[in-house]
Amino acid sequence: MIDLVKGLPLLAVLAVGQITIVNPLELIDGPPDLLLVALVALALLRGPVVGAIGGFWTGIIVDVATLDTLGLTSLLLVLVGYGIGRFGDVTTVRSAQLPRVLLAVLIATIGLMAGSILINFMLGTSVPLGPVLVRSFLPTLALNLVLAYPVFLLLRLLFRVHVRQRPEVVSAG
């Protein structure tokens, strides 16, 4: 519960910052998705439930602020948050954090783009695949990977890692 009290306002500020500051500031051709990277880090640190709730919260904020189809971004970010949270539960190796975080951001970025293209296709909205993939997706993916580990380290300071105790097995005999 405390994680949500700390995480939801942080994600709300990041959502507004992503829309107002980061998206208009295109460094290469595609802006970094700082909101997605923070959601991935939070889901890795706190699991699928917090990732899904954070994805829903930020998706609604993004959809309302950009006047986009209400629930579209929210659906995609719920799936990403939950999926990366499950990935974090399965891969709880504490010694090799960098490859784990980079792989999670790679999966999330590709999944978000593929899901967005698929849902827009199902809704009948045309998306030019060539310019989207070459001009926007590849620079965004590269910038997300550059930001992945620093954002993860900052969020790990805010959300302390809980050490999970394994139950001891006592044999009778």
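This is a predicted model: local features need pLDDT of at least 70, side-chain atom pairs count only at pLDDT 80 or more; totals for chains, interfaces and linings use all residues.
## Overall architecture

The chain contains six helices and zero strands, and its elements follow the order α-α-α-α-α-α from the N terminus. Of its 173 residues, 42% count as buried. Among contacts in the chain with a separation of 6 or more, 75% are between residues 24 or more positions apart.

The accessible surface of the chain amounts to about 9,900 Å². Carbon and sulfur atoms account for 72% of that area.

## Helix H3

Helix H3 spans residues 48-66, a run of 19 residues. The distance from its first C-alpha to its last is 26 Å, close to the 27 Å expected at 1.5 Å a residue. Just after H3, Leu67 adopts a positive phi of about 55 degrees.

The buried residues of H3 include the glycines Gly51, Gly54, Gly55 and Gly59. Pro48, Val50, Ala52, Thr58, Ile61, Val62 and Asp63 are also buried. An α-helix has 3.6 residues a turn, so residues three or four places apart point the same way.

## The largest pocket

The largest pocket holds about 830 Å³ of space and is lined by 28 residues. Nearest its centre lie Asn23, Asp33, Leu112, Met113 and Ser116. By class, the lining comprises 15 nonpolar, 10 polar and three charged residues.

At least two lining residues come from each of H1 (2-22), H2 (34-46), H3, H4 (72-90), H5 (97-123) and H6 (129-158). The helix that gives the most to this lining is H5, with six residues.

Technical notes. Residues are numbered from 1 along each chain as its sequence is written. Side-chain values use heavy atoms; hydrogens and water are left out. Helices (H or I, at least four residues) and strands (E, at least two) are DSSP runs, numbered from the N terminus. The expected span of a helix is 1.5 Å times one less than its number of residues. Buried means under 20% relative accessible area, exposed over 50%, partly exposed in between (1.4 Å probe, protein chains only). On a 1 Å grid over the protein atoms alone, a cavity is a set of points where a 1.4 Å probe fits but cannot get out, and a pocket is an open set with protein on both sides within 12 Å along at least five of seven lines; lining residues have an atom within 4 Å of a point. Grid points are joined across faces, edges and corners, and a volume is the space filled by probe spheres set on the points. Ala, Val, Leu, Ile, Met, Phe, Trp, Tyr, Cys and Pro count as nonpolar, Asp, Glu, Lys and Arg as charged, and the others, Gly among them, as polar. Contact means heavy atoms within 4.5 Å. Accessible areas come from the Shrake-Rupley method with a 1.4 Å probe; for residues, only the protein chains shown count as cover.
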